[in-house]
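Q: Hi! Could you walk me through this protein in plain words? I'm new to this.
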Amino acid sequence: MHPLLSLPALALLLAWFLLAGCAGQCGPPTPTPSATPTATPTRTPTATPRPTATPTATRTPTSPPAPTATITPWPAEAVPIVHAARATLQAQAGPSSAIVILAVEPTTWPDASLGCPVPGEPYAQLPVSGFRLLAAMDGQLVELHADTQGKLVRCAAPSGTPGP
């Protein structure tokens, strides 16, 4: 047997081939350094914050606010009178005029003149149930008085509270 082929020599040769074949890839992996997470400190509030009042501007009115019109529904028995009043005013003003009924209030007139007597005309002197209507026609206020039967009288100028 050849002296190089002895058992210790063969073991050494085999070990050399194994190591040469691995070329640094054999054996346990070498750990790679990695970034270690670090904790970011946070502040813990010691007291609960309270809301603060925000100052607001105070407006001092220089004049009282203008009155606003309130729309109140008129009584159901006045609906035919309202339609008749609107048609009468539309006929007087013309088709291009806007007629708006602003108010309808039930009233009792002191006599058959419905609160708008014409001088020299006779009227039955008994109370008459009816309505006072206030309308806007071409930017002017118009007052109409009516009885429950549909008679309409246009008064010369809007008056105060009608009837007794």
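A: Happy to! One term to begin with: two strands pair if DSSP finds at least two bridges between them. In this predicted model, β3 and β4 pair in the antiparallel sense, with 3 bridges.

Q: And how many bridges join β2 to β3?
A: There are 8 bridges there, and β2 and β3 run antiparallel too.

Q: What holds strands together in general?
A: Strands of a sheet pair through backbone hydrogen bonds, either parallel or antiparallel.

Q: What about the hairpins, how many residues sit between β3 and β4?
A: That hairpin has 4 residues between its strands, and Gly150 in the turn has a positive phi of about 105°. The hairpin of β2 and β3 has 2 residues between the strands, and there Asp138 takes a positive phi near 55°.

Q: Let's pick one residue. Where does His145 lie?
A: His145 lies in strand β3, which covers residues 140-147. Its bridge partner in β4 is Val153, and His145 is also the bridge partner of Arg132.

Q: Is His145 buried or exposed?
A: Buried: the relative accessible area of His145 is 1%, and the buried label applies because that is under 20%. As for the strand, 6 of the 8 residues of β3 are buried, so β3 is largely enclosed by the rest of the structure.

Q: Which backbone oxygen does the side chain of His145 reach?
A: The side chain of His145 reaches the backbone oxygen of Leu114, at 2.4 Å. Leaving aside neighbours within four places in sequence, the residues in contact with His145 include Trp109, Phe131, Lys151 and Cys155.

Q: New topic: where does Ala112 lie?
A: Ala112 is in the loop between β1 (99-109) and β2 (128-137). With a relative accessible area of 21%, Ala112 is partly exposed. Beyond neighbours within four places in sequence, Ala112 is in contact with Tyr123, Ala124, Leu126, Val128 and Lys151.

Q: How far apart are Ala112 and Ala146?
A: Ala112 and Ala146 are 34 residues apart in sequence and 10.0 Å apart in space, C-alpha to C-alpha.

Q: Okay, what about the largest nonpolar core?
A: That core has 15 residues, and those with the most contacts inside it are Leu89, Ile101, Val104, Phe131 and Leu133. At least two of its residues come from each of α2 (79-93), β1, β2 and β3. There is also a second, separate core of 6 residues, including Trp109 and Val153.

Q: Last one: what pLDDT does the protein average?
A: The average is 73, and 51% of the residues score at least 70. Over residues 160-164 the pLDDT is below 50, though this stretch has 11 contacts in the model beyond near neighbours in sequence. Where pLDDT is low, the predicted coordinates should not be read in detail.

Note on methods. Residues are numbered from 1 along each chain as its sequence is written. This is a predicted model: local features need pLDDT of at least 70, side-chain atom pairs count only at pLDDT 80 or more; totals for chains, interfaces and linings use all residues. Side-chain values use heavy atoms; hydrogens and water are left out. pLDDT is the predictor's confidence in each residue, from 0 to 100. Contact means heavy atoms within 4.5 Å. Buried means under 20% relative accessible area, exposed over 50%, partly exposed in between (1.4 Å probe, protein chains only). A polar contact is a pair of N or O atoms within 3.5 Å; within protein, one must be able to donate a hydrogen and the other to accept it, and residues adjacent in sequence count only if both atoms are side-chain atoms. A nonpolar core is a set of buried Ala, Val, Leu, Ile, Met, Phe, Trp, Tyr and Cys residues joined through side-chain atoms within 4.5 Å.
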